[in-house]
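Dear colleague,

I am passing on the structure we spoke about, and below it you will find my notes on what turned up when I went through it.

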Amino acid sequence: LLGAALDVGFLEAREGGVRVASVNLLRAGRDLVQAGIPPRALLEELARLRAEIDPIAAHLVELVVKHVFDPHGKGLPPLDAIPKLTDTVVRVRPLACAVVQTVLARALDRHVRLRIEQRKRTSARKKSRG
């Protein structure tokens with residue numbers, strides 16, 4: 001498990017040991033294990049999630065580059081534009097996280113409803129046969 005946790009970035013190697021990369025991930029992982037999900041399954045899912053979220057992050061960064069930075073040209077922006085651009089980048093990160101969180105929450109709700117409906121249909125079929 002230690003090797004898998006290091007591979008997916010849950011833990012980071014440090015001089016003299018390891019450290020948790022994210023306290024939020026640690027807390028979420030602890031709670032999910034307590035809910036009954038095996039640690040190895042969580043680490044495998046974290047690896048999958050990281051692979052799928054990276055292109056989403058790249059798309060969001062590209063959106064900012066295209067619409068915020070590119071109007072200043074393809075090189076570095078002029079010095080007088082840097083404070084405003086810095087402020088924009090600082091504000092965009094939590095907004096992008098909020099968008100991803102909202103879209104994910106809605107997708108989770110939809111998939112939970114679908115799973116419940118599937119289980120209802122399965123139970124109804126079993127009762128009609130029994």
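Please keep in mind that this is a predicted model. I begin with aspartate 31, which at 39% relative accessibility counts as partly exposed, and whose side chain meets that of arginine 30 in a salt bridge at 3.0 Å, N to O. Arginine 30 is itself partly exposed, with a relative accessible area of 44%. A search of the whole structure finds seven salt bridges, and another of them links glutamate 45 and arginine 48 at 2.7 Å, N to O; both of these residues lie in helix H3, three residues apart, which is about one turn of the helix. Salt bridges that share partners also join Glu12, Arg14 and Arg19 into one network, within which the closest N and O atoms of glutamate 12 and arginine 14 are 3.0 Å apart.

Turning to the strands, S1 (residues 11-14) and S2 (residues 17-20) pair in the antiparallel sense over four bridges, with alanine 13 having valine 18 in S2 as its bridge partner. Two residues lie between the strands of this hairpin, where glycine 16 takes a positive phi near 85°.

As for the nonpolar side chains, the largest nonpolar core has six residues, namely Ala5, Val8, Phe10, Leu11, Leu43 and Leu46. Leaving aside residues up to four places away in sequence, phenylalanine 10 touches several others, including Arg19, Val20, Leu43 and Leu46.

With best wishes

Definitions and conventions
Residues numbered from 1 in each chain as written. Predicted model: local features only at pLDDT ≥ 70, side-chain atom pairs only at ≥ 80, totals over all residues. Heavy atoms only, no water. Core = buried A, V, L, I, M, F, W, Y, C linked by side-chain atoms within 4.5 Å. Buried < 20%, exposed > 50% of the residue type's maximum accessible area, 1.4 Å probe, protein only. Contact = heavy atoms within 4.5 Å. Pairing = 2+ DSSP bridges. Salt bridge = Lys/Arg side-chain N within 4 Å of Asp/Glu carboxyl O.
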